[in-house]
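Please examine the sequence and the three-dimensional structure shown here. The paragraphs after it lead from the whole chain to selected residues.

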Amino acid sequence: MAWRFGTRDELDAFLIALVVPSLLSNVVASSFNSALIPTYIQLRETKGISAANKLFSNLMVCVLMILSLISLLMLGFAHLYLPFLAAGFDEQKITLTFRILCTISPIILLDGIICNWRAVLNAEENFTVAGVAPIFTPIVTIILLLQVHSWGVYTLAVGLCVGMILEVLAIGFILNQKGISLIPKWQGWDDNLTHIFKQYLLVLSGAVLLCSAIPIDQAMAAMLSPGSVASLNYGNKVIAAPMGLFTSGLTASIIPYCSKMYANGDWIKIRQVFKQNLGLIILIGTSLTILTITFSEPIVQLLFQRGSFIEKDTKIVSQIQSLYSLQIPFYIGNLFFNSSSQLNQAKPSPSMGFWT
């Protein structure tokens, strides 16, 4: 991206177009994933795989309906919120932003499918495919960037959509091999689904707080000179990578593991696991922050400075990156505590609260 687009206007447009779909994916779609795992595992352990699969099928019907409606609303009201998000863009740039938004709109639905299918794979302790499948998007995007020059910034939009479709196919293939039905069937509302949505509201509130900063940052950057949104994005790239890898791996492994212990009432062991991992988060997060601030400019030079990305961009992005790195231990800690609160809400007990 840096080589092809640097900090040009068209990359600004792509990044602003991505703001709302990403926010909706992270807040609405991904939150179902976190709400599903504890209840799914508890049902599987106590009532068998058929009861767990029934819950999964019912939830997928709800997810697809909600995300389809949200996608339509996102496009229908784009003329109201895009001028606000892109306050510094001229009319031509806003038009480009809307066209890119239309191109990438399917990612909300795709992400909802991926997150919940991945949740079931994680619950079955099959972490490999769920962890490796996201590599399809960068691979497809790189191939398109190298081979297709006539599409301009739409190359990024197409690469994103095609990569996510391949990810759906890969995860779906493994689930099908495990005998889990991929075609959602509505089998009636029950107490388990009610419980999922109660947990979902809790996770949703935490996700809103965690994810709201990025759209605000992007909207403020859009008010500044051309290229500011792109610079902000590059500055967050190196920070987001370790946070994303660390938190996704932590959540994928710890929630299913602790959900099993929760189903068996092993609270002492759960507390030990969470205390150990909290210490690990503080140590790794603080170390990453110090390293990033110390070597910020060389990191940016190594990763981005080539082609359309020039030395002036490196100086700006390295400063942004240093400031962004201060959030690392706190961001990971927030996600960790949010995950622990889900387990506490999975089966409320008046005598044994999680943090008692």
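This is a predicted model: local features need pLDDT of at least 70, side-chain atom pairs count only at pLDDT 80 or more; totals for chains, interfaces and linings use all residues.

Residues are numbered from 1 along each chain as its sequence is written, and side-chain values use heavy atoms, with hydrogens and water left out.

The protein chain contains 16 helices and zero strands; helices (H or I, at least four residues) and strands (E, at least two) are DSSP runs, numbered from the N terminus. Of its 356 residues, 50% count as buried. Buried means under 20% relative accessible area, exposed means over 50%, and partly exposed lies in between (1.4 Å probe, protein chains only). The accessible surface of the chain comes to about 16700 Å², and 67% of this belongs to carbon and sulfur atoms. Such areas come from the Shrake-Rupley method with a 1.4 Å probe, and for residues only the protein chains shown count as cover. Among contacts with a separation of 6 or more, 81% involve residues 24 or more positions apart, where contact means heavy atoms within 4.5 Å.

Two packed helices are described by the angle between their axes and the distance between the axes. The axes of helix α3 (residues 49-76) and α4 come within 6 Å and cross at roughly 65 degrees. Axes are lines fitted to C-alpha atoms, for helices over the stretch in contact, and angles run from 0 to 180 degrees between N-to-C directions. The helices α3 and α4 are therefore roughly perpendicular to each other (angles under 35 degrees count as roughly parallel, over 145 as roughly antiparallel, 65 to 115 as roughly perpendicular and the rest as oblique). At their meeting point, M74, L75 and G76 in α3 meet A78, H79 and Y81 in α4.

L144 is found in helix α8 (residues 136-147) and counts as buried, at 15% relative accessibility. Not counting residues up to four places away in sequence, L144 touches W151, T155, V158 and G159. The C-alpha atoms of L144 and V158 are separated by 8.6 Å, and the two residues are 14 residues apart along the chain. T292, in helix α13 (residues 267-294), is buried with a relative accessible area of 9%. With residues up to four places away in sequence again not counted, T292 touches I239, I299, Q321 and S325.

Charged pairs come last. Side chains of opposite charge can pair when their charged atoms come close. The structure holds five salt bridges, a salt bridge being a side-chain nitrogen of Lys or Arg within 4 Å of a carboxyl oxygen of Asp or Glu. R118 and E167 meet in one of them (2.5 Å, N to O). This pair links distant parts of the chain, with R118 in helix α6 (residues 107-123) and E167 in helix α9 (residues 154-177), 49 residues apart. R118 counts as buried at 18% relative accessibility, and E167 counts as buried at 5%. E297 forms a salt bridge with K315, their closest N and O atoms being 3.7 Å apart. E297 counts as partly exposed at 32% relative accessibility, as does K315 at 41%.
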